[in-house]
Amino acid sequence: MTTHGPVLPVWTCAGCGAPWPCRTRRQELQAEYDKAPVSLALYMGSCLLAPSQDMGWAPAGLLHRRFLGWLS
């Protein structure tokens, strides 16, 4: 269990205060989904929906980079 979960509705990390998903959580997710990168992309895409509503003031491109831009 990670301490790097999101604090809603501002979507900061509960463990370190950085924008969620923080660097630590991204590393954890990459390890967890090591053999399933498409599943990770689908999961993060689904995670993008809530902050899009919670943070309607944030530019869509910023949220896209934050939630999906780090995936490779």
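User: Why is Glu 28 called partly exposed?

Analyst: Quick heads-up: this is a predicted model. Glu 28 has a relative accessible area of 28%. Buried would need under 20% and exposed over 50%, so with 28% Glu 28 lands in the partly exposed class.

User: And what makes Arg 25 buried?

Analyst: Its relative accessibility is 13%. The cut-off for buried is under 20%, so Arg 25 counts as buried. Arg 25 sits in helix α1, and leaving aside neighbours within four places in sequence, Arg 25 is in contact with Thr 2, His 4, Trp 20 and Glu 32.

User: What makes the pair Arg 25 and Glu 28 a salt bridge?

Analyst: The N to O distance between their side chains is 3.1 Å. A salt bridge asks for a side-chain nitrogen of Lys or Arg within 4 Å of a carboxyl oxygen of Asp or Glu, so this pair passes. The general idea is that side chains of opposite charge can pair when their charged atoms come close.

User: Where do Arg 25 and Glu 28 lie, and how many residues apart are they?

Analyst: Both belong to helix α1, which covers residues 23-32. They are 3 residues apart, or about one turn of the helix.

User: How many salt bridges does the structure hold?

Analyst: It holds 2 salt bridges. One of them joins Asp 34 to Lys 35, with the closest N and O atoms 3.8 Å apart. The limit is 4 Å, so 3.8 Å still qualifies. Asp 34 and Lys 35 are both exposed.

User: How do you know which disulfides are there, and how many does the structure hold?

Analyst: The count is 0. Take Cys 22: the nearest cysteine sulfur, that of Cys 13, is 3.6 Å away. A disulfide needs the two sulfur atoms within 2.5 Å, so Cys 22 is in no disulfide.

User: Are Cys 22 and Cys 47 buried or exposed, and how do you know?

Analyst: Cys 22 has 2% relative accessibility, and Cys 47 has a relative accessible area of 12%. Buried means under 20%, so Cys 22 counts as buried, and so does Cys 47.

User: Let's go to the start of the chain. Why is Thr 3 called exposed?

Analyst: Thr 3 has 56% relative accessibility. The label exposed applies over 50%, so Thr 3 gets it. Thr 3 belongs to the segment before β1, a strand at 6-7. Not counting residues up to four places away in sequence, Thr 3 touches Ala 14 and Gly 15.

User: Is His 4 buried or exposed, and how do you know?

Analyst: With 12% relative accessibility, under the 20% cut-off, His 4 counts as buried. His 4 is also in the segment before β1. Its contacts, leaving aside neighbours within four places in sequence, include Trp 20, Cys 22, Arg 25 and Glu 28.

User: What kind of peptide bond runs from Leu 8 to Pro 9?

Analyst: A cis one, with omega near 0°. Pro 9 is in the loop between β1 and β2. The peptide bond from Trp 20 to Pro 21 is also cis, with omega near 0°, and Pro 21 lies in the loop between β2 and α1.

User: Which residues touch the most other members of the largest nonpolar core?

Analyst: Of its 15 residues, those are Trp 20, Leu 29, Leu 40, Met 44, Leu 63 and Phe 67. Helices α2 (37-54) and α3 (60-67) each supply at least two residues of this core, and α2 gives the most, with 4 residues. Not counting residues up to four places away in sequence, Leu 63 touches several residues, among them Leu 48, Pro 51 and Met 55.

How values were computed:
Residues numbered from 1 in each chain as written. Predicted model: local features only at pLDDT ≥ 70, side-chain atom pairs only at ≥ 80, totals over all residues. Heavy atoms only, no water. Buried < 20%, exposed > 50% of the residue type's maximum accessible area, 1.4 Å probe, protein only. Contact = heavy atoms within 4.5 Å. Core = buried A, V, L, I, M, F, W, Y, C linked by side-chain atoms within 4.5 Å.
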